[in-house]
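Take a look at the fold below. We will walk through it step by step.

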Amino acid sequence: MAMARPLTKSEPNGTLYRRPAAVEAQVHEAILLKLPDLRRRLLVTDRDDPGYLRSECLVHLLRHGRRAGDQALMNAVLPVLLSRCEANLLVTVPDGRMPDATSLRQDVLDELTELLVLDGLGENPAELDFYECRFNKAFRTLRIDAVRRAARRSKEIIAVVALPPSEAKGDPDAYEDAFAHVSDAFKVLPTQEWDAFREPFVNAIEALRPDEREAVILVHILGYKEESEAEDPNEETAATRCNCTGRTIRNRLTRAAAKLARFKEDL
């Protein structure tokens, strides 16, 4: 009789990770299922349905399939787990809120797939143990790490992006929405046409106060909301990242917009 493989990763205090009781029971049940029965269970999408297989259980099945060389098992389970993760990412990393959100979502999925492929190898061979205990928390950490890497990359390219020239320098309306141009500048590579404006643009961004610059980058470059519209305490926003209120973020953006508008008028 197949048994669930015990976890080997430890807490900082030395205590071994343990699956929640409900997960442990479901894992023991799932590994005994014949493939046709498992495929039927994988079709259940209602989380309240007794037949629904938790994501923690799917991770265990994938690890079990990899160790056993059971490609049919892995082919049945992996698409289901990835589709759940993709649905999560469509909400947490939405189009229009972050530059190149599609690529960022794929990066997260690729990283999860790589963890599954390399399970048992490398410097942290039991990394997936936590995914068998708290999948949602583990996946959230994976997503946040990917977003932060994207944030660092965006900050790094500030020296090689610039605003396109305006055809109406003296017209206040030509730069009424400074942030629209800031966002566009971070989404494309520089062109020769922009070269003359690179240095003043970089200087204008760097001249902002640190709190104003951070608000601009979070909201108008990385696409974070100013604050949660649904007052969801778990939603990452510019306000939660900066540990302040949405009103404070808006005040910082207002001050930054005025400074960037003056910069534009000086070009």
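Leaving aside its neighbours within four places in sequence, which residues is Q26 in contact with? With that set aside, Q26 is in contact with R41, Y52, L53, R54 and C57. Keep in mind that this model is predicted. Q26 lies in helix 1, which covers residues 21-30. Is Q26 buried or exposed? Its relative accessible area is 10%. Buried means under 20%, so Q26 counts as buried.

Now step back to the whole chain. The protein chain has 12 helices and 0 strands. Read from the N terminus, its elements run α-α-α-α-α-α-α-α-α-α-α-α. There are 267 residues in the chain, and buried residues make up 40% of them. The accessible surface of the chain comes to about 15,200 Å². Carbon and sulfur atoms account for 50% of that surface.

What about the inside? In soluble globular proteins, nonpolar side chains tend to be buried together. Here, the largest nonpolar core has 50 residues. L112 and Y131 have the most contacts inside this core. The largest share of the core comes from helix 4, residues 71-92, which supplies 8 residues. Look at Y131 next. Not counting residues up to four places away in sequence, Y131 touches E56, V59, L112, L115, A138, F139 and L142. The crossing is right-handed. Which residues make the contact? Helix 4 brings L78, L81, L82, C85, E86, L89 and L90. Helix 5 brings R105, V108, L109, L112, T113 and L116. These residues of the contact divide into 10 nonpolar, 1 polar and 2 charged.

Finally, go to helix 12, residues 246-266, where T248 has its place. Is T248 buried, exposed or partly exposed? T248 has 26% relative accessibility, so it counts as partly exposed. In sequence, T248 and A215 are 33 residues apart. In space, T248 and A215 are 9.5 Å apart, C-alpha to C-alpha.

Note on methods
Residues are numbered from 1 along each chain as its sequence is written. This is a predicted model: local features need pLDDT of at least 70, side-chain atom pairs count only at pLDDT 80 or more; totals for chains, interfaces and linings use all residues. Side-chain values use heavy atoms; hydrogens and water are left out. A nonpolar core is a set of buried Ala, Val, Leu, Ile, Met, Phe, Trp, Tyr and Cys residues joined through side-chain atoms within 4.5 Å. Buried means under 20% relative accessible area, exposed over 50%, partly exposed in between (1.4 Å probe, protein chains only). Helices (H or I, at least four residues) and strands (E, at least two) are DSSP runs, numbered from the N terminus. Contact means heavy atoms within 4.5 Å. A crossing is left-handed if the near helix is turned anticlockwise from the far one by less than a right angle, and right-handed if clockwise. Ala, Val, Leu, Ile, Met, Phe, Trp, Tyr, Cys and Pro count as nonpolar, Asp, Glu, Lys and Arg as charged, and the others, Gly among them, as polar. Accessible areas come from the Shrake-Rupley method with a 1.4 Å probe; for residues, only the protein chains shown count as cover.
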